[in-house]
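Hello,

Here is the structure for you to look over. My notes follow below.

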Amino acid sequence: MAHVNPHDVMAKRKDKEILKSRVKAALLDFFFVFYSVLVVDRVIWNKFILQVKNIPFSWTEIGIIALVSLVVGVLWSLTGTSLSSKLFGISKKNSVTKYTFEIFGWFLFNITFIAGWIITKISIVDLFSEEGLNAAQRIFSALFTPEMAIFDEALFAIIETVYIALIATLVSIPITLIVSFASARNLMNENKFTLFIYATLRLISNFVRSIEPLIWAIIFSVWIGIGPYAGMLALLIHSIASNAKLYSEAIESIEEGPVEAISATGANKIQIIWYAVVPQIILPFLSFTIYRWDINVRMATIIGLVGGGGIGTMLIQYQGLAQWHEVGLIVIMIALVVWIMDYISTKIRQAIY
Amino acid sequence: MTILKVDNIHKIYPSGTHALKGVSFEVKDGEFLVIIGLSGSGKSTLLRCINRLHEPTSGEITFLDKDITHVKGKELRGIKQQIGMVFQQFNLIKRRSVLTNVITGRLGKLGTFQSITENFSPELIEEAMNALRIVGIEEKAYKRADSLSGGQQQRVAIARSLMQNPKLLLADEPVASLDPATSNSVMHYFEKINKELGTTVICNLHFLSLVRKYASRVIALKAGEIIYEGLPHDIDEKWFKTIYGEEAEEVEIR
Ligand SMILES: Nc1ncnc2c1ncn2[C@@H]1O[C@H](COP(=O)(O)OP(=O)(O)OP(=O)(O)O)[C@@H](O)[C@H]1O
Ligand SMILES: [Mg+2]
C-alpha cells in the first residue's frame, strides 16, 4: 500500500470513467435507434397509415432490426456526435453534435407523442356521442340520489376499511425501520458485505413496490382466501416497500456534520446511528407514516374491489348488480372518509413540524 | 517528544480531486500548530486524514509512535477516542440537550446498550458539567443545543471533545462562522486547553492576526502542498503574497 503512485491512481480512474461512459453511450444510442425504427414502423406506418389490424409478429424481423440498429447506434456513437455521447458529456464539441442533439431529440419526442396518441385511441367523437352521454347521465343521477337503506351495512364496512389500513400501517413501522436503515447507502457503504445487503434490499423493495397493491391483494386472496386479512397483507407489503424508500432517502439526506462529529469521538456504528442519525429523521419518519396511513385508507377501498374486504368489496357487489343508488351511497361515504383522513393527516403533519 | 508524524501523505478523493500531494511534518507534544492556506488548499482534508475520518491514499501517519494509516475497526475507534475534533459548523446534535451533546464525547468508552438507553452515571454527568465549566457555559447544560448562539455552540463542541481527554485536539476553522469578538473568546479556550491541560492543538485558521496571537508554529498549504513551515512572526509581506496570492491583502481581526 505504501508504494502506490498517486498519479497512476488518478490516470487509471479517469480512463476507466471515460470508457464506462463510452460503453453506456453506445448502448443508449443503440436503444434510441432501435426504438425509433420500431415505433415508426409498427405504430405510425403499419397501424396508423396502413391501418393494418393484426400486425404480424416475428422474432426474426425484430432481431434483424435490432442488429441493424446495434450497428448504426454503435457506429454513430463512435463518431462522438450522437445524442447519447452528448448526454454523457463525451461528445465532440462541434455543430454536427449540436444539430443531431436538437433534431434527433425533437424527433424522438414527437414520434413518442404521436405513437402514444395512436395507441390510446383518443377520440373526441366517443366522448361526446349521444349514447355515451345518456349512460353517463343515468349513472350520475343515481349516484346523487343515494339509497340510505344500506347505510348501517356501509358504515360497518368502511370502519373495517379504516382498520385494515391502520393495522397495515402500524405493523409496517418496525419492519420498515429495519429495512430502511439497511438500505440507506450512507450507512451501508462500510464494506463489500454491507453494500451487498444494501443492493439486495434495494432490488427487492424496488420489485415489491413496482407491483401494485391491487395485484398483491389478488395474490393474497388466492393465497389465504378473500377477506380483510388478504387486504391488510397487501397493504402491509406495499407500505413497507414504499416507506422504506422514503425513510432511506431521508436517512441519506441527513446533515453529515453530526455523523462526522460523533464518529470522530470513536463511537461505534450503533452509537452513531442513535445519536447522529435518529434525531434527524424522527420527524420525517412520523410524517411519512401518518401520510402512509392516509394513502392506505384510499388503497384499502380499491383493494376491496378484488376481494380485500371492507367497503370496496361491498361496492363491487352492488356495482355488479347495477344498483346505482346503493353504489351512490357507498361512493359518497368513501369520499367523505377519504376527505376526513386527508384533513386529519395534514393537520397532524403540520403540528409535528 | 513527537506526538504526531505525517509522512508524505497523498489524498485522492473518489471524485478524482488530488487534495493532498505529499505532505510531511511533525508535531511535538504541547505545540499549538496552526495550518493556513486558501480555500481548497487541503486543510480540512489534512485534519480528516490525521484522525482518520478519511483514509489517506498513500503515505504514513504515526500517532504516539504507532502507525495509524490503515488501522480499522475497534483499533481505529480507539485512535479516534484519543483525538478530539472541533468543526467549523459545530456539528452538535441540534435536538438534544447541551449536556447530552457533551456526554457524546465519551461514547467510545461507553457500552452500546448503556449509551442507547442513555443510562449515564452521576460521575459521568459531573464530568460533563466540569467540561462545560472549563468553557464557561455550565448554566446552559439543560438547554437544547440549537437554542444556543454560534459561539456558545462552539464552546459546547469544545467541551464535547474535552470529554475524550484527548492527547491531540484538531480544530477545523473553529471560528470561521463567528464574529470577531466571539472568535477571540473561542480561540481563548483553545489556548487555555493547550496551556493548562497541556493538550496539543492543530488548528486551521484564516485570519493571520489570530494566527500570530495563538500559534506556536505555522504550516501553510497551497494546492495540497506545504509551502511554508515556521514561526508565525516570520510570515512577512512576501510570504503572505506567496501563500494567499498577489491580489490578497491582510485584514486585521482583534
Ligand atoms: N469529501 C470530498 N469529496 C471529494 N472532494 C473533496 C471532498 N472534500 C474536499 N474535497 C476537495 O478537496 C480539495 C481540498 O478541500 P479541503 O476541504 O481540504 O480544503 P480546505 O483547505 O479545507 O478549504 P476551505 O478553507 O474552503 O475549508 C478541494 O478541491 C475540495 O473540492
Ligand atoms: Mg476546510
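Which element gives the largest share of the shell around ligand 1? It is α1(B), with 3 residues. Helices (H or I, at least four residues) and strands (E, at least two) are DSSP runs, numbered from the N terminus.

First, the ground rules. This is a predicted model, in which local features need pLDDT of at least 70, side-chain atom pairs count only at pLDDT 80 or more, and totals for chains, interfaces and linings use all residues. Residues are numbered from 1 along each chain as its sequence is written, chains are lettered from A and ligands numbered from 1 in the order in which they are written, and side-chain values use heavy atoms, with hydrogens and water left out.

**The ligand**

Ligand 1 is surrounded by 14 residues (a residue is near a molecule if one of its heavy atoms lies within 4 Å of it). The closest are B:Ser39, B:Gly40, B:Ser44, B:Thr45 and B:Glu173. By class, the shell holds 3 nonpolar, 9 polar and 2 charged residues. Here Ala, Val, Leu, Ile, Met, Phe, Trp, Tyr, Cys and Pro count as nonpolar, Asp, Glu, Lys and Arg as charged, and the others, Gly among them, as polar.

In the side chain of B:Thr45, an N or O atom is 2.4 Å from an oxygen atom of ligand 1. A polar backbone atom of B:Lys43 is 2.9 Å from a ligand 1 oxygen. For B:Glu173, a polar side-chain atom lies 2.9 Å from an oxygen of ligand 1. On its own, ligand 1 has 630 Å² of accessible area, and the protein covers 63% of that (Shrake-Rupley method, 1.4 Å probe).

**The sheets**

In chain B, 4 strands form an open antiparallel sheet, ordered β2-β1-β4-β5. Two strands pair if DSSP finds at least two bridges between them. Strand β1 (residues 2-12) and β2 of chain B pair over 8 bridges. One bridge joins B:Ile9 to B:Val23 in β2(B).

Another open sheet has 6 strands in chain B, in the order β6-β7-β8-β3-β9-β10, with mixed pairing. β6 (83-86) and β10 (225-230) of chain B are at its edges with a single partner strand each, so one side of each has no neighbour in the sheet. Strands β7 (168-172) and β8 (200-204) of chain B run parallel, paired over 5 bridges. There, B:Leu169 stands opposite B:Val201.

Best wishes

Note on methods:
Polar contact = N/O pair within 3.5 Å; in protein donor to acceptor, adjacent residues only side chain to side chain.
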